[in-house]
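Please view the sequence and the structure before reading on.

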Amino acid sequence: MKKLINIIIVVISVFSITSCETDFTNINEPAEDQVLTSKAGLLGVSVGMTEHFATSTLSPIVEIPGLSTREFGNTLTYVTPGELVLGGSLLSNDNAGITRLWDRLLRDKGMAESILANVDAVEMEPGTKSGLKAYAKWFKAMTLGYLIQNFEQAPINNSLDGASLFNTRAEVLTECINLLESAKSDLAASPISDEFSGIIPNIDLPNVINAFLARYNLFAGNYNEAITAANAVSLTSISEWWYDGSTAKNPVWGFAFYNSPDTKPQDDFGLTGAYIPEANDGRRAFYLTPVNEFETDFGMHGVDNAAGFFDDAAKSIPVFLPGEMLLIKAEAYAMLNDLPNAVANLNLVREKTNDVYGVNAALGPWAGNANSQADILDEIFRNRSIELFMTGMRLEDSRRIHPSLVPPASGDYYNERNRNYYPYPFDERENNPNTPSDPAI
């Protein structure tokens, strides 16, 4: 175990696997090939990958699209948040927030790829190997998914020479689904060993794999498959990113709550008009603590303190929420024009009082037009915006459910979204000749 802990400590610095490389040597660190050719080393990589994602990568996943979709307000005009709040063509590809999001996701994806490239050559118990392989496949699928939620194209595979080939949204989503199906096959062939469960104790991997299969099949328009995967998820299972509040701190707490930050949640979840939550929606009190403060530069809404999963450095963050599975089914049924089942699943979210994490609307059934697909989808969007608040999902949701909305090129902080996709970071374009043209908006 001491050997594993030592490897975990150094593993993140060993792997700087993005498309931009840094050449330095630390003689106190194990060589990369030594880490990847032992069971302890590969398990250490999986723990290091998890810790990096949970404490570092999750922050821009939530913050960057949150600023573009009015989830967050910002009281200052510093370039990074200012450009994101305004959006449109004013958003430059050297924006530090976009660069953080891109680089950290590629780094974690590269660590998962390194595990998958080496695990078959290392002797270990069958259940440990299957768990490690399935976990790395899920991790790669997850990082790819977050990339394609925010960028028009993304590289399925990192390239060591910095010249990664880019893939289309359809190709990336297909790869996400294939990785997850392969992970299910790994676990079916050899159930996870106690050894691997002890390394990643807070993740119910079979449930997580089905949950992300439901998510990415929905994004890909595979509606029947999305329903099947969502039905396979236990809504009482808990999978979380864990924090101790000291060496590992909740990263959303760090930018949205701690020390009166400049970036805070907007009141009404940043929703306006017909999408404003009902006054007695229990999710208001769960996620938000009102304060007498207003944005001084961007927008007309007040800003609130974060609550829910984000008001303490030691609070855990769910890997996925049960309500997402119900809303996936509602949307998939709506897109299949099975409107009664769509409304039934929507109402399961609205009427929920026994959520395992406490995310309970405790409302009555929806009173809207149950014969209108458009109205049902609008209500699904409203509930996704509330139920999945501060999860990094709203940019994808807005673009998918309201595709006809066109963000103004001049920038606007009142729109539901002010971009469709982000420009590729300047460093990526400078170092990778395969970088596509930036999307117009």
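## Helices α6 and α16

Helix α6 (residues 126-150) packs against helix α16 (residues 394-401) at an angle of about 60 degrees, and their axes lie 8 Å apart. Axes are lines fitted to C-alpha atoms, for helices over the stretch in contact, and angles run from 0 to 180 degrees between N-to-C directions. Helices (H or I, at least four residues) and strands (E, at least two) are DSSP runs, numbered from the N terminus. α6 and α16 are therefore oblique to each other; angles under 35 degrees count as roughly parallel, over 145 as roughly antiparallel, 65 to 115 as roughly perpendicular and the rest as oblique.

On the α6 side, the contact (heavy atoms within 4.5 Å) is made by Ile148, Gln149 and Asn150, and on the α16 side by Leu395, Glu396 and Arg399. These residues comprise two nonpolar, two polar and two charged. Here Ala, Val, Leu, Ile, Met, Phe, Trp, Tyr, Cys and Pro count as nonpolar, Asp, Glu, Lys and Arg as charged, and the others, Gly among them, as polar. The crossing of α6 and α16 is left-handed, a term used if the near helix is turned anticlockwise from the far one by less than a right angle, with clockwise giving right-handed.

## Basis of the model

This is a predicted model, in which local features need pLDDT of at least 70 and side-chain atom pairs count only at pLDDT 80 or more, while totals for chains, interfaces and linings use all residues. Residues are numbered from 1 along each chain as its sequence is written, and side-chain values use heavy atoms, with hydrogens and water left out.

## Two further helix pairs

Helix α9 (residues 205-220) and helix α13 (residues 322-335) pack at about 30 degrees, with axes 10 Å apart. That angle makes α9 roughly parallel to α13. Their crossing is left-handed. Ala211, Ala214, Arg215 and Leu218 of α9 meet Glu324, Met325, Ile328, Glu331 and Ala332 of α13, a contact with six nonpolar, no polar and three charged residues.

α3 and helix α5 (residues 96-118) pack at about 160 degrees, with axes 9 Å apart. α3 and α5 are therefore roughly antiparallel to each other. The crossing of α3 and α5 is left-handed, and their contact has 13 nonpolar, seven polar and five charged residues.

## Cavities

The whole structure holds four cavities of 30 Å³ or more. On a 1 Å grid over the protein atoms alone, a cavity is a set of points where a 1.4 Å probe fits but cannot get out, and lining residues have an atom within 4 Å of a point. Grid points are joined across faces, edges and corners, and a volume is the space filled by probe spheres set on the points.

The largest cavity contains about 230 Å³ of space. Its lining has 22 residues, of which Tyr146, Ile317, Pro318, Val319 and Thr391 lie nearest its centre. The elements giving two or more residues to this lining are α3 (39-68) and β6 (317-318); α3 provides the largest share, four residues. By class, the lining of the largest cavity has 19 nonpolar, one polar and two charged residues.

Note on methods: 1 Å grid on protein atoms, 1.4 Å probe; cavity = no way out; pocket = protein on both sides within 12 Å on 5 of 7 lines; lining within 4 Å.
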